[in-house]
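Subject: Structure handover

Hello,

Here is the structure I promised to pass on. My notes follow below it.

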Amino acid sequence: MNQRRPRRPAPRPPEGTPAPAELARMARTGLAGAVRVARWADTALGPGRDSADGKATLSDTTAERAAADLGLPTAQVRSDWDIARLAGLVEVHGGSARPGWRLRAWDRDDSAVLRGWVALFDAWSLAYPEPADHEPAAVAEVVSAMPQVLSFLQLSAGPVPVEQLLDLLQQRVTELRTERCEVSYGPRTEETGTRPRPAEPAPAVGTRLAPLLDWALRALASVGALTYGAGQATLTPLGSWAVWVKLEQICVAAQSPAGNIEQSAEDMLRGCAQLRPNAARAEYRAWLAARPVGSAVGELVDAARGDDALLRGLAFEALRVVGAPAEPDVRAVVDEPALRPYALLWLAEHDGVDPEDAHEVLTREEATWLWVDTAAAVADHGEAPMLVRHLESAVQPTVPALLEEVRAVGHPRTVQVLVALAAAHPDPALAKAVRRAAFQVHTGG
């Protein structure tokens, strides 16, 4: 039996946070160079878009060509290209690159712009060269500790001295080492080969962390998350908003019923089957917040391919919560007969068609297939009156017309659906006609 965890209130946006449209404008301004290079690559390069040595970096020839075409220094082109990759404006596959979905939606979809900026924010440690003279383990510790530093900057809502941030970073790194049960760094003793725990480790740790904090702040400033100078750092409006988004995701995930958030997509959808629509969408958001969007979308599509028609419908409801990042995967299944009607409806709504009118994108045959699939879900998981009411949603004007087209559409669950409908319908004459249709489908007549 699932028991809900105690619900914690989601954090509120920082006071004075700009409206989403204004935040998107800021993000577009900050990423203008990356968009320019990505669009140049989209139009100037052929299908085998250049990505030298499989590392997603532009070859010298391509970088120089872009610099000449755009009137920019070659170093700037390379920097903008790297940012375009981190923001999802360019997607690299092996040795070739192609425009990302965010580039296609850049001018019309503010959410795509903000998602792109958050992706860059998440990748801040890759956007600025890390110090070469520090151990990778020390760099990793600082990257792991920076979320707490950023949260403190957001709570401060103004400039914070670097010395104060260094103290906080030092404390967090020490906590991380303690959680791993590590002793402090220091020379090994000859007798035991172990490192003694110094009585006052803080100054030494702080001294080693200072240049790494400087690198982290410079990297975050390079992606537009904060301003850094004169011995202090301040979050930008975009940076403050992004930190709030991350905190909100943590709180949403904490509100999921016990077990659902850890489950596979199929089990999560089954757990949501009896929830009201708003509650189910909250569950989808919590489940998605705990996973990389790419793998989550893949799991949902796989769940939709299963035999359970109810999970198919719920999977596409969850994909509606994902929004634009799911578009490539949804387009990729349009040619799969079992998923085609769901995918076409999803794409129509994504393109701005009113959900009430989205069914108009389906052919008569596709609409009939969807009717049978939905009826199969009702027959398996619903009650008899729901199946009878489902007749009203058919596109055919009469039951005989519906039966004729249902028999022709070739859905693998047609017989079971018709048998269940005949058993549920209170009209004996209509039930008899439905049973006859089921028999004819079963025998191939």
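First, a caution. This is a predicted model. The mean pLDDT of the protein is 82, and 84% of the residues reach at least 70. Two stretches need care. Residues 1-11 have a pLDDT below 50, yet this stretch makes 28 contacts in the model beyond near neighbours in sequence. Residues 183-204 also stay under 50, with 22 contacts beyond four places in sequence. Where pLDDT is low, the predicted coordinates should not be read in detail.

Overall make-up

The protein has 445 residues, of which 43% count as buried. There are 21 helices and 5 strands. Take the contacts with a separation of 6 or more: 64% of them join residues 24 or more positions apart.

Cores

The largest nonpolar core holds 67 residues. Leu-89, Trp-117, Met-146, Leu-169 and Trp-241 have the most contacts inside it. What does Trp-241 touch, leaving out residues up to four places away in sequence? Its partners are Thr-17, Leu-23, Leu-114 and Val-118. There is also a second, separate core, with 61 residues. Tyr-342, Ala-375, Leu-387 and Val-406 are among its members.

Helix α8

Helix α8 covers residues 162-179, 18 residues in total. At 1.5 Å a residue, it should span 26 Å. The end C-alpha atoms are 25 Å apart, so the length agrees with expectation. Leu-169, named above for its contacts in the largest core, is one of the buried residues of α8. The buried set also includes Val-162, Leu-165, Leu-166, Leu-168, Val-173 and Leu-176.

Three strands form an open sheet in the order β3-β5-β4, with antiparallel pairing. β3 and β4 stand at the edges. Each has a single partner strand, so one side of each is left without a neighbour in the sheet. β4 and β5 run antiparallel and are joined by 4 bridges. Leu-226 stands opposite Leu-235 in β5. Thr-227 has Thr-234 of β5 as its bridge partner. As background, strands of a sheet pair through backbone hydrogen bonds, either parallel or antiparallel.

Two alanines with positive phi

Which residue takes a positive phi in the hairpin of β4 and β5? It is Ala-230, near 55°, and the hairpin has 2 residues between its strands. Ala-230 is not a glycine, yet its phi is positive. It sits in the loop between β4 (226-229) and β5 (232-235). Ala-230 is exposed, with a relative accessible area of 81%.

Ala-157 is the other alanine to look at. Its phi is positive, about 50°, although it is not a glycine. The loop that holds Ala-157 lies between α7 (136-156) and β3 (160-161). Is Ala-157 buried or exposed? Its relative accessible area is 70%; the cut-off for exposed is over 50%, so Ala-157 counts as exposed.

Start with Arg-65, in helix α3 (residues 60-70). At 41% relative accessibility, it counts as partly exposed. Beyond four places in sequence, Arg-65 is in contact with Trp-40, Ala-44 and Leu-45. For a distance check, Arg-65 and Val-77 are 12 residues apart in sequence. Their C-alpha atoms are 9.9 Å apart in space.

Now His-425, in the loop between α20 (414-424) and α21 (428-443). Where is its polar side-chain atom placed relative to Asp-427? It lies 3.1 Å from the backbone nitrogen of Asp-427. His-425 has a relative accessible area of 17%; buried means under 20%, so His-425 is buried. Leaving aside neighbours within four places in sequence, it is in contact with Val-388, Leu-391, Leu-430 and Ala-431.

Best regards

Methods:
Residues numbered from 1 in each chain as written. Predicted model: local features only at pLDDT ≥ 70, side-chain atom pairs only at ≥ 80, totals over all residues. Heavy atoms only, no water. Buried < 20%, exposed > 50% of the residue type's maximum accessible area, 1.4 Å probe, protein only. Expected span 1.5 Å × (residues − 1). Pairing = 2+ DSSP bridges. Polar contact = N/O pair within 3.5 Å; in protein donor to acceptor, adjacent residues only side chain to side chain. Contact = heavy atoms within 4.5 Å. Core = buried A, V, L, I, M, F, W, Y, C linked by side-chain atoms within 4.5 Å. pLDDT = per-residue confidence, 0-100.
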